[in-house]
Amino acid sequence: MTAAYDVAVVGGGLVGLTAAWHLAQDGASVVLLEAGDLGAEASGANAGSLHLQIQYPEFVKYGDDWARAYVPTLRFLAASIDLWQEMSEAVGEDLNVRVKGGIVVARTDEQMRAIAAKARIEASVGIVSEVLGREELRAVAPYLSDAAIGGGFCAGEGKADPLRATPALARAAMAAGVDIRTRTAVTGIARDAQGFALATPGGTVRAARVVDAAGARAAECAAMVGVPIDLGGFPLQVTVTEPVAPLIPHLVYSAAGKLSLKQAPNGGCIVGGGWAARVRGDGGLATDPANFAANMGIAADVVPGLGQARALRSWTAWVNGTPDWRPIIGEAPGVPGFFLAIFPWVGFSAAPMTGRVVADLVLGRAPTVPLEGISVLYD
């Protein structure tokens with residue numbers, strides 16, 4: 001027999017699990033369909049950064065006009081980081097959420113001017129980034145290189161543990177009654193007067209509404225109902241060092257090159273920043289040695305104390321991205337009952353609020369965070 005549910009969620013990462021959890025808590029019957037294992041893509045393989053400020057490389061690359069169009073999304077990220085800080089208690093497990101601030105480290109006057117310009121745009125939506133001179137920066141972050149002449153400090157940024165978050169959310173969702181099916185790829189979606197029929201290797205699943213939370217594969221899912229999305233998958237890599245003594249309480253970036261750097265509770269330092277992984281001939285991913293060396297070099301240049309730390313392992317992930325960086329959240333135009341849950345590039349940071357807002361919309365409520373100026377579907 002064909003199983004029938006109020007809502008089918010496609011994608012078993014943090015967004016899909018959070019949406020399914022909230023929907024089930026509010027009384028909906030929910031099935032979650034994941035093609036592989038829960039959190040096996042970006043949700044479990046990212047660096048665990050909680051981003052709030054406009055990303056410096058993109059600000060320099062795309063300019064003020066892009067930043068002004070993007071900056072309303074920071075309100076959404078701020079609300080999502082607030083939820084991150086509540087989530088450990090909500091799911092009954094410590095997710096190692098720490099909000100100690102993020103620093104963009106500058107080495108030139110030109111970089112300092114860009115940091116200051118970015119901070120002014122962030123302030124337009126209430127996000128405070130302090131511009132620090134050399135001595136002010138040294139007082140906040142004495143572990144940085146003497147070559148740092150200043151930086152931008154955003155107190156609302158932090159980190160969480162992606163390896164703990166997805167399993168914890170999965171347990172919470174199952175406890176709320178969500179039917180979670182892993183290794184169940186959705187191969188087709190048909191729409192009729194009763195809702196949607198989702199084809200899977202295990203048979204057809206029927207649902208009155210569908211949430212597309214498929215991450216880097218969200219465009220493929222949306223295309224099944226005739227909705228085009230300008231979304232791509234980007235292969236990135238991350239590295240962790242051996243544990244070292246407590247050194248870095250902040251999320252650290254470099255204005256001189258791509259870097260995100262933080263220290264885990266066990267002392268390991270997690271080094272990322274958007275460096276590309278290598279795509280193998282079979283479509284799988286492998287660490288790119290040249291990008292690994294460059295990424296680690298920048299980290300040691302910014303924080304000299306890492307110069308003697310050994311790298312333990314590197315891993316890869318597909319991350320979803322859109323050209324303008326703006327979220328695609330809401331009911332798909334022309335397809336009633338089909339909801340998109342896509343927050344590109346910094347989806348880990350945005351996941352708790354993305355899941356909650358999509359659950360609001362599916363249940364016919366006003367979204368917890370208004371989406372005007374944030375989601376492209378509300379322009």
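## The second largest pocket

Let us begin with what surrounds the second largest pocket: its lining divides into ten nonpolar, five polar and four charged residues. In this grouping, Ala, Val, Leu, Ile, Met, Phe, Trp, Tyr, Cys and Pro count as nonpolar, Asp, Glu, Lys and Arg as charged, and the others, Gly among them, as polar. Of the 19 lining residues, D161, P162, L163, A264 and I270 lie nearest the centre of the pocket. Two or more lining residues come from each of α2 (42-45), α8 (162-175), β14 (257-263) and β18 (311-321). Helices (H or I, at least four residues) and strands (E, at least two) are DSSP runs, numbered from the N terminus.

The second largest pocket holds about 390 Å³ of space. On a 1 Å grid over the protein atoms alone, a pocket is an open set of points with protein on both sides within 12 Å along at least five of seven lines, whereas a cavity is a set of points where a 1.4 Å probe fits but cannot get out; lining residues have an atom within 4 Å of a point. Grid points are joined across faces, edges and corners, and a volume is the space filled by probe spheres set on the points.

## How to read this model

This is a predicted model, in which local features need pLDDT of at least 70 and side-chain atom pairs count only at pLDDT 80 or more, while totals for chains, interfaces and linings use all residues. Residues are numbered from 1 along each chain as its sequence is written, and side-chain values use heavy atoms, with hydrogens and water left out.

## The chain as a whole

The protein chain has eleven helices and 20 strands. Its radius of gyration is 21 Å, close to the 21 Å that the globule rule gives for 379 residues, so the chain is as compact as a globular protein of that length. Here the radius is taken over C-alpha atoms, and the rule is 2.2 Å times the number of residues to the power 0.38. Along the principal axes, the C-alpha atoms fill a box of roughly 65 × 40 × 40 Å.

Buried residues make up 56% of the 379 residues; buried means under 20% relative accessible area, exposed over 50%, and partly exposed in between (1.4 Å probe, protein chains only). Among contacts (heavy atoms within 4.5 Å) between residues at least 6 apart in sequence, 70% join residues at least 24 apart.

## Nonpolar cores

In soluble globular proteins, nonpolar side chains tend to be buried together. A nonpolar core is a set of buried Ala, Val, Leu, Ile, Met, Phe, Trp, Tyr and Cys residues joined through side-chain atoms within 4.5 Å. Which residues touch the most other members of the largest nonpolar core? Of its 75 residues, they are V9, V30, I54, F76, W84 and V211.

Not counting residues up to four places away in sequence, F76 touches several residues, including I329, F343, M353 and L371. A second, separate core has 27 residues, with Y5, V31, F196 and A222 among them.

## A cavity and a strand beside it

The count comes to one cavity of 30 Å³ or more. The largest cavity holds about 40 Å³ of space and is lined by V105, R107, S145, A147, A148, S254, D301 and V302. By class, these are four nonpolar, two polar and two charged residues.

V252 lies in strand β13 (residues 251-254) and counts as buried at 0% relative accessibility. Leaving out residues up to four places away in sequence, V252 touches V105 and V302, among others.

Most residues other than glycine have a negative phi. R183 has a positive phi of about 50° although it is not a glycine, and W325 has one of about 70°. Is each of these residues buried or exposed? R183, in the loop between β8 (179-181) and β9 (188-192), counts as exposed at 59% relative accessibility. W325, in the loop between β18 and β19 (328-331), counts as buried at 8%.

## Back to helix α2

G44 lies in helix α2 and counts as buried at 17% relative accessibility. Leaving aside neighbours within four places in sequence, G44 is in contact with G39, P162, L163 and T166. The C-alpha atoms of G44 and V319 are 275 residues apart along the chain and separated by 11 Å.
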